[in-house]
Amino acid sequence: MKGRIFSVVGGMFLLTVCSKGDRGAVQAAPPATPPAVSSDVGAAVAAGGTITGKVKFTGTAPRNPAIDMSEEAACKAKYTTTPTEENVMAGPANALSNVFVYVSAGVPAGQTFPAPATPVVLDQSGCRYHPHVFGVMVGQNIEIRNSDPLLHNIKAIAKKNRPFNVSQPTAGMTKTVTFTAPEVMVNLECNVHGWMHAYAGVRPDPFYAVSGPDGSFSIKGLPPGTYTVEAWHEKFGTQTATVTIAGTESKTANFTFAAR
Amino acid sequence: MSNRPALCVILLLLAPGSRLLSQDTTAGKVVYQKWCAGCHGDNGAGDGQGARRMIPPPRDFTGAIYQVRSTPSGQLPTDADLLRSIDEGLPGTAMPGWKSRLSDRQRRDVLAYIRTFSTFFADTTQRPQPIAFGGAPAGGSGADALKVGRQFYDSIGCRKCHGDLGRGDGPSAPTLKDDAGHPIFAANLHENWRFNGGGTVEDIYHRLRTGLDGTPMPSFSDLLEQKFLTDEQLWRVAQYVRSLSPQEAPAVRDVVHAPLTKQLPHAPDDSAWTSVDVYWFPLVGQIIRKERWFAPAVSGLWVKAVHTADSIALRVAWDDRSESPDTAWLTYLGHVLGTLDSDDSTREQPALWPDQLAVQFPVSIPTGMERPYFLMGSPSAPVYQWRWSSSSRTTAVAGLARGIDRYDPLPAAGPGARAVYDHGQWRVVFTRALASPDTASQLPFRTGRAIPVAFFAWDGSNGEHGTRMAISTWYFLALDEPVPARVFISPVLAMVLTLGLGLLVVWRAQQKTSFRRQQ
């Protein structure tokens, strides 16, 4: 019996010794690829072709619900008009922003891309996320900041990545996280403020973009090949297009969603 | 040095303490299919037959997201964490403890099988690393410690969901959802015996550090690293939260004793109530008659009673995180109705239902052990019920229930009722004359008798109305009789008499002695 206890204690000791060194971060796993020396992904892939396009929608965009921020005076004070959710961000001529456009197939398997050293910054300000939709590479840091003088919790809902749920009760707090597997999309939300949602497209390569206020996007540096391009919108679903790139040319892929 | 990791792995595998080698997933599958699949589903996706009858729903093992862990948020649980949930169950949920039902071997095997539902457990980069928790600082129940705890309870935002007094009624509470989108309630911090991960100060502190992954409850570990508060201050929060619940989980005492008082306290917060003994009764979902209800919001009631020479006052308090009807809870209510399977084929639309309470007595005090059917009587043996509703707070109706779906109000005025809703708790006082003008239908209260009593509660914002409610079984109410004067006089009389007799004997003995001496 004594020997048994000793071995259990010994095993626990070993576990402790062996686990030293990679504590702390929510995603403790090391990135699959060694960290890039160059911090500029754009430069590394700039040589290839480009896919540009515009995202639009047909029909009438649903109204974004107004947010009642009466519980949070510090957030409410950051707005001059009643803030709304950002479910459907329509621009001029039915342009649709906040669409995550990415190459979902066609990049040769086995080809690896270093994660940029620059982190993606996700700011919580005025009880909303900035940006609302963003792309990030596997292993790339996401720096989550709280610019509001009040409690936010940041919960990641994911299937291929480990989820997490951490709290930032005051302004100035930061948290750095990384995701270890490609996943479109990882949902980020605050449960204190049920209206706060952000969406992260986690990709193994840098071939993604988010449509701007005029609905335009641009994916650069693609090597020659035939690609499936997918456009994801949080309310309108997904659309795909096939684009063949021959050299350093620029090809167009426009997407039109039906409002629903 | 570079060989250290490899060496460690080898040593770990060789260590006899490594239990993994002795676990058998094939045997675990047999145990799982017999005991677990009914709720958790054949493929571990939390979609068994019983799944849509419960809130919170059974764990979906495929995501390997677990609430009760010793590891940081986002990490896998350790085997010991999982085994604890299997052994002890998850209080406040439908998950029972299996320690007494399955053997050591069976529990370890089923644990090994559960791990196979997710690829995360096979991923060697995902090894869980338990947090090195320290011990609780001393003096945790002192006023100063609790004050510090309360201060940080506010500043780290606990009140946002758990409410100012901790009854799960915070401003964000109606919007809470778990990862799967199911409605989830913020824990009522006054009921530590229902905390998923255990109710001790240590359990609470551990949950603050790890968070409850998959739920809105975040980890607060970063606050220590970023020096927002110290470890001792976080312990104080845990100690404060612990202080909100009673020392011991309430135990059921079957008989509510109503002492005799001079004045009847009509108001729920009358100071006279503070000196009256309180009795706790658990409630469960009504799952006997359709439409059944598997997810009752009211888990228990606190009951006090007093009486005067001619009247009775009964005070019922229960925690309810919503003051229904409340439009703020309509979305939550919709989620509840959408999550649970209904007995009807048509799904009910959310509506602004009120909170309700029914107090039930027999029509007359039974002479033997026979009592009417506890679930609101029957057509042939009705029961006498007081019904109170939050939509007309200061009145209550008296009536006869003839089964769960038939309630006939009596023409006479109901009992008096006064109600207070305060930070997640209803407190209602019913008053009535002991004598009844209509003894055929309204129970006359009499002292010194065990009067059967039962309770029913509805939380409108949880979708409860009609037969969807929380129910109790029969308990008893006893109106203490005034203590007759002879109880006090008899012992004194007996003592005086004994003393007198004693003196007499002594006196006689002395008389005899002196008589002999004279001779």
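Mentor: Start with contacts in chain A between residues at least 6 apart in sequence: 67% of them join residues at least 24 apart. Keep in mind that this is a predicted model. Chain A has 260 residues, and 40% of them count as buried. Its secondary structure comprises three helices and 17 strands.

Now the sheet. Four strands of chain A build it, in the order E4-E3-E6-E9. It is open, and its pairing is mixed. Strand E4 (128–130) and strand E9 (174–177) of chain A are the edges. Each has a single partner strand, so one side of each is left without a neighbour in the sheet. From one strand to the next, the twist averages 20°.

Strand E3 of chain A covers residues 120–125 and is joined to E4(A) by three bridges. The two strands run antiparallel. Asp123(A) has His130(A) in E4(A) as its bridge partner. In general, strands of a sheet pair through backbone hydrogen bonds, either parallel or antiparallel.

Then the nonpolar cores. The largest has 86 residues. Those with the most contacts inside it are Phe100(A), Val101(A), Ile219(A), Val237(B) and Ala238(B). Helix H10 (residues 231–243) of chain B gives the largest share of this core, six residues. Leaving out residues up to four places away in sequence, Val237(B) touches Gly149(B), Phe152(B), Tyr153(B), Ile156(B) and Leu208(B). A second core is separate and has 59 residues, including Leu333(B), Ala396(B), Trp426(B) and Val429(B).

Technical notes: Residues numbered from 1 in each chain as written. Chains lettered and ligands numbered in written order. Predicted model: local features only at pLDDT ≥ 70, side-chain atom pairs only at ≥ 80, totals over all residues. Pairing = 2+ DSSP bridges. Axes fitted to C-alpha atoms, helices over the stretch in contact; angles between N-to-C directions. Buried ≥ 20, exposed ≤ 12 C-beta atoms within 10 Å, placed from the backbone. Contact = placed C-beta atoms within 7 Å. Core = buried A, V, L, I, M, F, W, Y, C linked by C-beta atoms within 7 Å.
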